[in-house]
Amino acid sequence: MLDLLRRKAQSTVIQVIIVAIILVFVFWGVGTNQGGGTNAIATVNDEPITYTDYQRSYDQQINQLRSQMGGNIPAGLLETLGLKEQILESLVQKALVGQAAREAGLAVSDIEVRDKIKEMEAFKSNGVFDVGWYKQVLAGNRMSATDFELSMKSDMLTAKVMDHLNRFGGVADSELKDRFFYDYGEKQFSYVSFAAADFEKKVEVTDDELAAFFEETKDNYLGDPQFMMKYVLFPFDDSGKVKIPEEKILDYFDKHKDEYVVPEQRRAKHILLKVAEGDGDDAVTDKLKKAEGLLKQVREGADFAGLARLNSEDTGSAVRGGDLGFFGRGQMVPPFEDAVFGMNEGDLTLVRSKFGFHVIKLEKINPLMVRTVDEVREAIIARIKTGEVKNLAFEQAEGAYQKIILSGSLEKYAESGGKLKETALFTRKNVPEPFKSNPQFQGAALALNQGELSSLLEGNKSYGIFYAQEVREPAPPVLDKVKKKVRTDFVKQRAQEMAREAADAMLVALGEGASIVDEAAKQQLEVEESPLMTRADKGGSRLAPALLESGLELSGLAPFPDTIITVGNEYYVTAFRAENDPSELKFEEKKDEVRQKIDDENRNIVLASWIAYLRDRAEVEVSPGF
């Protein structure tokens with residue numbers, strides 16, 4: 001995307017647009033001081049970015065990462081991603097857009113936000129906005145209504161700015177035609193694959209080569225270091241010490257009512273008559289008539305469960321007489337769900353979904369409800385206790401850490417009554433407790449050098465302090481002991497080099513006028529052909545993206561790429577085969593879609609360039625403490 005922006009930004013049209021926008025915003029006076037603020041981690045033209053703003057964004061990003069990674073974020077990942085810097089920069093850009101919008105007289109009111117949210121299908125029940133369902137959806141995504149509405153307001157403001165910038169946009173007819181031909185011109189290319197695995201049998205290994213390879217890579221064959229740790233743990237243990245007063249329970253319930261909303265659920269039975277995608281009109285008509293006949297039988301008093309067992313093609317529910325149990329919104333396909341949530345108890349109906357025809361009977365409605373404090377009292381107590389117990393453990397751990405530092409060692413702390421534990425020697429491949437169940441402990445403690453003390457670490461069920469009693473580095477490897485593995489690695493590396501060299505040699509030959517078919521035959525390789533495809537529609541091809549991109553860039557004027565294509569341990573040489581221009585009929589069909597695509601890209605370029613302009617002339621100060 002960045003490359004696209006850089007290329008497109010060279011366009012004279014885009015440059016004129018950007019200059020025009022800059023002139024307008026200079027006239028408006030964007031970038032003037034907005035007034036100071038306190039408790040700020042940064043200021044943008046004297047407008048503060050508070051720690052609360054930062055923490056909210058940070059928490060949202062951390063929760064997303066945890067969700068994507070199964071609950072644990074690998075040590076060092078946040079630093080590698082530069083998450084802290086990314087979040088701060090996004091807040092700076094948001095402030096700049098907000099300042100520019102205000103100077104331009106653009107704003108988003110609370111009423112506009114409310115109306116926008118009411119229009120969102122995700123928060124509707126029976127086609128009408130449902131406050132309880134709205135809160136339930138947000139709670140399920142670990143987001144408060146306040147945070148969501150602030151985010152909506154920001155997004156809507158950015159959209160207003162974009163709409164305002166649109167008056168500078170537009171797509172020239174020549175640009176539209178060029179892009180259409182680029183996206184929808186058909187291409188076909190030939191390719192030859194050089195797999196490294198095919199060259200392994202051709203590799204000859206001498207003792208001198210193997211010894212030289214080993215010297216260059218001997219760190220790869222080191223054994224595992226060994227560790228011996230002393231440590232003390234501070235469990236998150238209640239043991240009846242924490243008592244939760246009633247006022248704290250009520251206060252917690254009042255602040256977290258959103259979490260105790262139970263959305264409406266409905267119980268239905270159905271008889272499914274499947275309709276496959278390729279079924280003809282006659283087959284569909286027959287299924288519909290059969291479904292209508294079943295519906296008529298039920299309305300005349302026939303047993304629904306019995307008919308479902310005999311006729312339903314949903315085998316999972318048929319054995320239960322068609323019973324689907326209770327379900328809420330978002331769990332069934334739309335036509336089925338819309339029908340069920342528009343019915344009264346005992347109603348019957350017939351609908352069609354992507355699966356076929358459903359004869360439906362609504363059995364029971366459990367309306368939306370808010371659980372009472374008495375119903376959730378034990379859960380609230382448990383949650384509050386978890387926090388209180390953790391706080392107690394932290395106070396104990398912090399006090400112990402200070403004693404360890406002041407006394408000078410864990411041993412002296414133990415002499416004063418601290419419960420010290422010790423491991424035997426172990427490696428990273430066979431870690432003992434508490435590391436096995438606490439990756440947080442393992443990452444930090446095993447990074448210590450011998451004689452070093454960790455900081456106060458938080459685990460899954462305790463805080464811990466660790467001391468590296470002994471760290472035994474692995475002995476230097478000896479070739480004779482790892483010769484088999486070294487030989488395998490040498491062969492694989494040399495085979496990769498040979499495959500690449502062979503591919504490079506073929507590409508050079510093609511550039512000198514040779515035929516890809518002749519060159520492949522010399523090496524007893526097969527020339528494969530891609531299907532005819534376009535950049536907009538690759539026809540479901542399973543070829544690697546890098547190979548597709550290379551092949552689609554070829555033409556009669558440039559029939560070969562500049563370099564070979566590398567995909568894993570395979571190396572590809574591509575050659576142009578054929579191309580067809582799209583028809584005028586296709587242009588009429590796709591021109592609006594292409595115009596929209598160009599317009600969207602141009603808008604993104606303009607917005608990014610405009611924000612970069614604001615950023616360059618803004619006064620941004622970051623707190624040294626932050």
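Which element gives the most to the lining of the largest pocket? In this predicted model, local features need pLDDT of at least 70 and side-chain atom pairs count only at pLDDT 80 or more, while totals for chains, interfaces and linings use all residues. Residues are numbered from 1 along each chain as its sequence is written, and side-chain values use heavy atoms, with hydrogens and water left out.

The answer is helix 5, with 12 residues. The largest pocket holds about 1200 Å³ of space. Here a pocket is an open set of points on a 1 Å grid over the protein atoms alone, where a 1.4 Å probe fits, with protein on both sides within 12 Å along at least five of seven lines; lining residues have an atom within 4 Å of a point. The volume is the space filled by probe spheres set on the points, which are joined across faces, edges and corners. Of the 34 lining residues, S90, L91, K94, L150 and S154 come closest to the centre. Elements giving two or more residues include helix 5 (83-103), helix 8 (145-165) and helix 22 (584-617); helices are DSSP runs of H or I, at least four residues, numbered from the N terminus.

Elsewhere, S312 sits in the loop between helix 13 (304-311) and helix 14 (315-318). S312 is buried, with a relative accessible area of 10% (buried means under 20%, with a 1.4 Å probe and protein chains only). Leaving aside residues up to four places away in sequence, S312 touches H270, I271, L272, L307 and A318 (heavy atoms within 4.5 Å). S312 and L272 are 40 residues apart in sequence, yet 4.8 Å apart C-alpha to C-alpha.

Terms used:
Buried < 20%, exposed > 50% of the residue type's maximum accessible area, 1.4 Å probe, protein only.
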